[in-house]
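Please look through the following structure together with its sequence before reading on. The report below is meant to be read with both in view.

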Amino acid sequence: MWDHEIRAMVSTHATIALSVLVATVVPAALVPGFSVYGTHLLWIYSVSGAVAAVSVAFFWLLGISPPTRKHTLGYKLSRLIRSCLYFFLSCLFFHTVIVLYGAPLIDSALETFSLAVLLSSLTTLRCLCMLGPNLQAWIRVFSRHGAMSVWDTCLQITVALTVLGAWVGAFAIPLDWGKPWQVWPISCSLGAMLGYLSGLVAAPAWIRYHRKQLTYKCK
Amino acid sequence: MIDFARFDANNTSPMPFENKLRVFEETASSRPAQCRLYPFRADPPTTTMQRIKGFTTGSLPTFVDISNNFASNAISEDNLIHQFGQVGKRVVFMGDDTWESLFPNKFYRSLPFPSFNLKDLHTVDNGILQNLYTTMVGDEWDVLVAHFLGVDHCGHTFGPDHPAMADKLIQMDGVIRSVIERVQNDTLLVVMGDHGMTDTGDHGGESQKETDAALFLYSSAPFFPTPPSQNEPRVVPQTDLVPTLALLLGVPIPYSSVGQVLLPLFPPHGPAQDAVTGPSQLEALWINAKQVNRFLATYSVMAKGIPPETLALLKDQFENLSSEYLKFIKEGRSSSPELSVALQAYLTSVRDTCRATWAHFNPLKMVAGLIILALACLMCFTVSEMSFALVREHNFRLKAGVLVALIVGVCVAAGQLLSWGYIELAWCMAATAFTSELFFLCRSYQSKSSAVVKNGAKGPKSASWMTPHYLLSPPLLVTLLRCASLLSDSYVIAEGRVVTFLVFSLALCIPLRLNWDGLLLPASQDPLKPTLLVPSPASPPLTVKKEGSTLVAFFALLVGSLYLSLFFHSCREGQHTCQPSPFLTSLARVKDNQLKNIFYILSVFSLGVWTYLLRRCLRYYGNLNSSGGTVFTARWILPLLSVCVGLHWAVSASPQDSFRNLAELINLAQLALPRAAYCLLGLGLALIWLDPLTVFVKIRPANMTKSWSVPPPRYRASTSISPQAELHHLIPQIYQRMRRSLDDETSGGGEVDNRPAVEAYGLGTVYSAPLLLFCGLLGLGLLQLHPEGMALSFLLLLFEMGALLHIHASSTTLCDLHRVYSGGFNVPWTPVVLWSLAATQFFHATGHLASFTSIHWGAAFVGFPNGHTGTLLPASLVILNTFASHIMFAVGCPLLLFWPLVCEVRGSKGGKGSGEEGEDGVMEMRLREKPQRFSLALLQLSTRYLFIQGVQVFASVCAAAILRRHLMVWWVFAPKLMFEASGFLVSCVCLLLGVSLVLRVDVAVGHFFKRLIPDASR
């Protein structure tokens, strides 16, 4: 059951994880003075870009994107534009949530926004790739009976772990250890990244382990 | 002595409080042989009484003594003043009356002035000045102590950054100059500050700004033999003054002093040539070392806190030194720098040893206390989880448990009396508590297992709360995180933000969880999965949508108030990046007039909104129709109270010098307005207590028209019955009576039944309305004790309360719509945890911190600008101020039980159009239908709340016990423990108050029904 999907998922996730690694290592060779702590924003953008590019390419190649009724160019273009808009809105949304969680409002707005971009490209982009710019579907996916394929379950797990990772990362900030990774927003973005990577591992594993129980009503 | 003279009061940067005491520097530079200026370091806590104790006895302070600051008891230890008296020196005292209570009948002459009124800058100082010079010139004294208090009060009232402070310091400067002029040749003038002050003008903690004061020594004769050199002490600890003064004046050093003589004050060579200068440096050190050694020997035998190897080392050191000294004396030499350095080193090491081991702990008692506390928490948890099972078991035999526990306690007491000869009450009470807890837990375990045996089907359900899955559900996980955060000093320091973060996270869980269960959005709206949930008739999509949007809207309100509440935080000492909220300064301190006006308008605006919202809410549910005491309170006392508070703010904010001709009136108003507010508050609370019913029963006349029902029918709580409800006994009877009387009227039958009938306005919110009003009134009263700007924070508190209640109500409704009605009134963990965390959150958002420095002492003078005579009233006012949010949330806790019922009308209205008929209009009358479930739910709610508060206390006790040798224990953990524990006590009392108010209402409702239908009482 679902063996084909699981295999595809594993290879996709391996590639994405590899792209994260490459996005961390390659700039270190190209850019002088690059380090994850020192030039953190650069790292965030490089990783976000890599993950975004690989996810878009893979999900488009695999054809897991939602079924489209029309195939006209104009429709596709409008979908693309709406997707971009949704991505930007989700960056703003994450930014707002982070500020409401207690991040400084003005002082380090750029850092906060970079974290929001990272979170968006780890979570929202995947939603966009799989479900299209359809808010109803997004909300629906995150309910107990909302998943309609293995990929939806996978989406649930990775998104939840990413957000949880960023949340847990915030616990390091008040401590007075004076470590370089306690600087805003390094612990949170690292937490989100680790959560995402563990999600990439955990999702296929969990699905494989529970493959007997998984039933999807409509597909 | 000048209370509060900070060492940097003579700095170079031109702040109002700096650069004003030039006399020190001028004298020190012009006459170096006659005077010295040192930084003077106090031991924390830096409160005045502790400091007076410190530099008269010379011993180190014990921390808990801080509680005695305003009820200072006489010093029982050996001290300087006592020694002066023994030798026959005439000690004259004038100034702060704390001295008088510390040293009753020890002074030759004493002129105490009241110290407690912080607003009064001049009484003490002027009183001293009237007498100081005449006394000095006279011959009636050997030691003269003058304690000026104005600078301290000025700092507390206006802060250091205020023109009044500059005036005060200039005055002090003048005083010192004139005293220097009058000092005779055989007199030593010691000018010192007993503690410093923080940037906000307070003290009590142990930051360097608080502990460092100035010490200035002056003599008109050339007193200091050597010019200031490199090897002089750079900082003088306060205890060092004791042996120095004692030896200079020729009295024995007080017994428990651990200070070290100030060497520059003694001649370096030879025995005393003239009588004034006293012993030589070496002699002084020798006497001091002998005294310290004697004290150390006695102390180490008694207390056993000092590690034996350190003690042996010190003993050896002293024996070496003493043999060396005796040899030295025999040789007839008079000075040896090496020996004096060695003696100094010995004194320093004794002092450090004492400081390190001063606080000694009793691990056995600690462990016992922890176990009892843990068991108590476990008991609360058990009761809250198993209340239904426990009550089903009717023969629970609580009395037997209490009896057994009492017997055990008495037995322990008897055993102690026999074996030790005295009773230590703590152990007896511990034994009693432990036994009763153990007994209770055993009984509940038995009843649980018996329940499992009796009906296997229900067994697993009642046992389900023990599984890790249940214990790691979000609310309990958040509680766990909160407790864990109390174990780290960084988290305790950042507590306000941490709690806000946790509240936000947990609140976010509610909509996420509902969405996960597919309850947030109407199921049928989703075309992709039409039949997953059976579309029951009870959950029309419109209702779901409405409830969902209500929930989201109130969630937004909650998040908004959470975020805004962060702007009202105060700052700890030593947090350099932190800026205290501008709303925390009272208006009298704001210098910019425009800013003052804006703040005032904002505060009054939020006061108005507070009042309006409360009244609006009561009116909406139809509770303002009758003419009882509660309604009178809501109609008249509530607005009057807020007017009083607003006027009081205006009066106290008015600049003192701008309305000179109205000064009398302003003073009167400052006295009268807050007192009137207190009276109104008391009256209102009493009225609510005496007559809590807000039900208006309309006697429907025969010629009833539509215009009579101007309040729309939703006000009507109970108008008719549904067939199922007839099974229940009380309410249906009323309905039947009402219906029958209605029938009588309409049929025009002979007698006109004068009994009230048909419509009871506000019956649906009969429980929550008085409680809400009670909370609102209490909030206004507590607000008055805070700085004016806190009105905004209190408004946020009200918003957050409302948002939490509505979120809870909406989520309950949503759950109920989809499932079968559960029948119980259980409040789940999530809202209770949110409620109790919100109490902590607003503790911080009302400008409080878990440190003694940040207690708002000014609250004691609201309405009592001239000070108090006793200590009970100011202490309770300060407690009310400090734990305002704990009080509010604890009293309002039962609202969590009522609110889903209050909101259910609104929910059904959307679904059913004009849902006048049917069960849904019953609201809180449901509680009366099932009285047992009602009391159970109330018990469960309060034990849950207590459990969460208690677990926090347990965590902070653990933190203080485990980390008792931590660097931060006296700065962070110990104050946190004391605040947490007192907050818990206050919460307990207020929770009890809230619950008993509910019970009082219940009784009143019972009477009401009896009066309505006498037959029902049979």
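This is a predicted model: local features need pLDDT of at least 70, side-chain atom pairs count only at pLDDT 80 or more; totals for chains, interfaces and linings use all residues.

Residues are numbered from 1 along each chain as its sequence is written, chains are lettered from A and ligands numbered from 1 in the order in which they are written, and side-chain values use heavy atoms, with hydrogens and water left out.

**The interface**

Between the two chains, 24 residues of chain A are in contact with 24 residues of chain B, where contact means heavy atoms within 4.5 Å. The area buried between chain A and chain B is about 2,300 Å², and carbon and sulfur atoms give 66% of it; buried area is the accessible area (1.4 Å probe) that two parts lose on being put together, summed over both. Leu100(A), Tyr101(A) and Arg144(A) supply 27% of the area that chain A buries against chain B, which is more than any other three residues.

The table sorts the residues of chain A that touch chain B by class.

| Class (residues counted) | Number on the side of chain A that touches chain B |
|---|---|
| Nonpolar (Ala, Val, Leu, Ile, Met, Phe, Trp, Tyr, Cys and Pro) | 16 residues |
| Polar (the others, Gly among them) | four residues |

Chain B holds an open sheet of three strands in the order S3-S2-S4, with parallel pairing. Strands (E, at least two residues) and helices (H or I, at least four) are DSSP runs, numbered from the N terminus, and two strands pair if DSSP finds at least two bridges between them. Strand S3 (109–113) and strand S4 (143–147) of chain B are the edge strands, each pairing on one side only. Strand S2 (residues 91–96) of chain B pairs with S4(B) in the parallel sense over five bridges, and Phe93(B) has Val145(B) in S4(B) as its bridge partner.

**A salt bridge in chain A**

Over all chains, the count comes to eleven salt bridges. One is formed by Asp152(A) with Arg140(A), whose closest N and O atoms are 3.9 Å apart. Asp152(A) lies in helix H6 of chain A and Arg140(A) in helix H5 of chain A, so the pair ties together parts that are twelve residues apart in sequence.

Key: A salt bridge is a side-chain nitrogen of Lys or Arg within 4 Å of a carboxyl oxygen of Asp or Glu.
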